[in-house]
Amino acid sequence: MPFPRLVPCLDCRDGRVVKGVQFRGLRDAGDPAQLAARYAAAGADEIVLLDVAATVAGRGHAAATVAAVRAVLPIPLTVGGGVRTVDDAARLLDAGADKVAVNSAALARPELLGELAARFGAQCVVIAIDAARSEGDVYEALSHAGGARTGRDAIAWARAAVEAGAGEVLLTSVDRDGTGAGYDLALLRAVAASVTAPVVASGGARGAADLAAAFAAGADAALLASALHDGAWTVDGLKEALSGMGVEVRR
């Protein structure tokens, strides 16, 4: 069985890493290439690079940023933001991405996932789902960097997206994002039980105990942002702490 993965996330806007709380109040967190190199050297298993402004602005991901990160990165790189077509994905893969994440465009046209899988293989296709609790304690999938409600059940959408061609689910709890309150384990369990693809937990991690809880709930990988950007933890420190809890990680 593969080791659970620790995956730093670099949310980018205008070529800089930014971080906020529940997708709002974004603050500068540094240079993406410098942070990627630092996290890789500390033992990160992968890096996720998301352009949080691309879809809202109606443009593609800045390929120059992808290339700059790839130049310093010896580990896998997932890139998302502004991917609307197969050609958009090809441009990012050519710039150095190993996997491409799609959110809003797939919600609008699920056939895109099958088109991407047919061209590049399902292992390259990540469905990014931003989920928030709505009325009736249902999880709703949001689009456009959390700015638009879709009325679509996030758990059912995860299952449909994998069936359509996605090879991995990047599952973000908008309610928990940047709060340090821990991952939404109920959401994570429901999605992990509904899909056959690996699930990456995102939104709310404060420390190693949150990661261990996510892995126990069915996550194959855990995304981290604020806990690393703010200096509360390092990747190697988290792996050491997880090992002490009996969670086997790649060292």
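## Basis of the description

This is a predicted model, in which local features need pLDDT of at least 70 and side-chain atom pairs count only at pLDDT 80 or more, while totals for chains, interfaces and linings use all residues. Residues are numbered from 1 along each chain as its sequence is written, and side-chain values use heavy atoms, with hydrogens and water left out.

Strand β1 covers residues 5-13; strands (E, at least two residues) and helices (H or I, at least four) are DSSP runs, numbered from the N terminus. Because 8 of its 9 residues are buried, β1 is largely enclosed by the rest of the structure, where buried means under 20% relative accessible area with a 1.4 Å probe, protein chains only.

Two strands are taken to pair if DSSP finds at least two bridges between them. β1 pairs in the parallel sense with strand β12 (residues 221-224) over 4 bridges, and in β12 the bridge partner of Arg5 is Ala221. With strand β4 (residues 47-51), β1 also pairs in the parallel sense over 4 bridges, and here Asp11 stands opposite Leu50.

## Strand β10

Strand β7 (residues 125-134) runs parallel to β10 and is joined to it by 6 bridges, with Val169 as the bridge partner of Ile127. β10 and β11 pair in the parallel sense over 4 bridges, and Leu170 stands opposite Val200 in β11.

## Helix α7

Helix α7 spans residues 154-164, and its buried residues are Ala154, Ile155, Trp157, Ala158, Ala161 and Val162. Seen down the axis of α7, these buried residues fall within an arc of 160°, so they line one face of the helix; the arc is that of the directions from the helix axis to the C-beta atoms.

At the N-terminal end, Asp153 caps α7 through a side-chain oxygen that lies 3.0 Å from the backbone nitrogen of Ile155. Just after α7, Gly165 takes a positive phi of about 145°.

## Cavities

A search of the whole structure finds 3 cavities of 30 Å³ or more. A cavity is a set of points, on a 1 Å grid over the protein atoms alone, where a 1.4 Å probe fits but cannot get out, and its lining residues have an atom within 4 Å of a point; grid points are joined across faces, edges and corners, and a volume is the space filled by probe spheres set on the points. The largest cavity has a volume of about 60 Å³, and among the residues that line it are Arg5, Val7, Glu168, Leu170, Ala221 and Leu223. β1, β10 and β12 each supply at least two residues of this lining, which divides into 7 nonpolar, 1 polar and 4 charged residues (Ala, Val, Leu, Ile, Met, Phe, Trp, Tyr, Cys and Pro count as nonpolar, Asp, Glu, Lys and Arg as charged, and the others, Gly among them, as polar).

The second largest cavity has a volume of about 50 Å³ and is lined by Leu171, Ser173, Tyr183, Asp184, Leu187, Leu188, Ala201 and Ser202. To this lining β10, α8 (185-194) and β11 (199-202) each supply at least two residues, and by class it has 5 nonpolar, 2 polar and 1 charged residues.

Terms used
Buried < 20%, exposed > 50% of the residue type's maximum accessible area, 1.4 Å probe, protein only. 1 Å grid on protein atoms, 1.4 Å probe; cavity = no way out; pocket = protein on both sides within 12 Å on 5 of 7 lines; lining within 4 Å. Polar contact = N/O pair within 3.5 Å; in protein donor to acceptor, adjacent residues only side chain to side chain.
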